[in-house]
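I put down what I looked up, in the order in which I looked.

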Amino acid sequence: MVKINTDTENISELLKTYWSIQRISAGYADQNAASLGLTIQQLAMINVIYSTPGISVADLTKRLIITGSSAAANVDGLISLGLVVKLNKTIPTDNMDLTLKLSKKGEDLSKRSTANAFMYKAMMKVFENLTETEIEELIRLNKKVETLLKKSK
């Protein structure tokens with residue numbers, strides 16, 4: 001019976017650390033977006049479009065797990081800011097069919113967001129306090145947890 005309590009306590013402690021790290025990461029992401037004058041969702045769109053030029057609004061919606069209306073509103077805003085350019089539309093009445101790419105201004109902003117990513121800077125400070133072996137072990141264990149969680153679905 002002690003093992004079950006210990007397992008429960010360990011699982012609880014591990015989940016608390018994952019949730020805490022996720023909240024901290026989200027805070028850094030918000031800070032990064034705000035420093036560029038964008039919302040977190042707009043910055044995510046910019047970075048996805050940067051890595052996938054010609055992506056459709058429909059695919060962007062699926063990739064970011066957002067609603068079509070949210071995607072449309074954010075895309076319109078990014079176009080208005082001169083960060084995103086419409087490429088084409090094969091179905092004239094379907095805004096989800098619209099394909100997008102970044103303008104030069106949008107590309108520059110995406111590169112700046114990566115260069116100034118607050119989370120990466122914070123993680124560099126963490127890594128300065130870990131040995132190479134600890135870093136490798138941390139990555140290995142997290143990948144293993146991820147794989148096992150995917151298999152348990």
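Within what distance do the axes of α2 and α4 come, and at what angle do they cross? I am working on a predicted model, in which local features need pLDDT of at least 70 and side-chain atom pairs count only at pLDDT 80 or more, while totals for chains, interfaces and linings use all residues. Residues are numbered from 1 along each chain as its sequence is written, and side-chain values use heavy atoms, with hydrogens and water left out.

**Entry 1: helix packing.** I find that the axes of α2 and α4 come within 10 Å and cross at roughly 75 degrees; axes here are lines fitted to C-alpha atoms, for helices over the stretch in contact, with angles running from 0 to 180 degrees between N-to-C directions. This makes α2 roughly perpendicular to α4, on a scale where under 35 degrees is roughly parallel, over 145 roughly antiparallel, 65 to 115 roughly perpendicular and the rest oblique. From α2, Gln 41, Gln 42, Met 45 and Ile 46 make the contact (heavy atoms within 4.5 Å), and from α4 I list Ser 70, Ala 71, Asn 74, Val 75 and Leu 78. For α2 and α5 (residues 104-115) I noted axes that come within 9 Å and cross at roughly 105 degrees, and this pair is therefore roughly perpendicular as well. Here Leu 43, Ile 46, Asn 47 and Tyr 50 of α2 meet residues of α5 including Leu 109 and Ser 113. Helices (H or I, at least four residues) and strands (E, at least two) are DSSP runs, numbered from the N terminus.

**Entry 2: confidence.** The average pLDDT, the predictor's confidence in each residue from 0 to 100, is 89 for the protein, and 92% of the residues score at least 70.

Entry 3: I traced an open sheet of 3 strands in the order β1-β3-β2, with antiparallel pairing; two strands pair if DSSP finds at least two bridges between them. β1 (55-56) and β2 (84-86) stand at the edges with a single partner strand each, so one side of each is left without a neighbour in the sheet. β2 pairs with β3 (residues 99-102) over 3 bridges, and Lys 86 has Leu 100 as its bridge partner in β3.

**Entry 4: the core.** Which residues touch the most other members of the largest nonpolar core? They are Ile 46, Leu 60, Val 84 and Leu 100, in a core of 21 residues, meaning buried Ala, Val, Leu, Ile, Met, Phe, Trp, Tyr and Cys joined through side-chain atoms within 4.5 Å. I count at least two core residues from each of α2, α3, α4 and β3, and the largest share, 5 residues, comes from α2.

**Entry 5: single residues.** Ile 65, in the loop between α3 and α4, has a positive phi of about 55 degrees although it is not a glycine, and at 75% it counts as exposed. Phe 118 of α6 (residues 118-128) is partly exposed at 23%. Leaving aside neighbours within four places in sequence, I find Phe 118 in contact with Tyr 28, Gln 31, Asn 32 and Ser 35.

Conventions. Buried means under 20% relative accessible area, exposed over 50%, partly exposed in between (1.4 Å probe, protein chains only).
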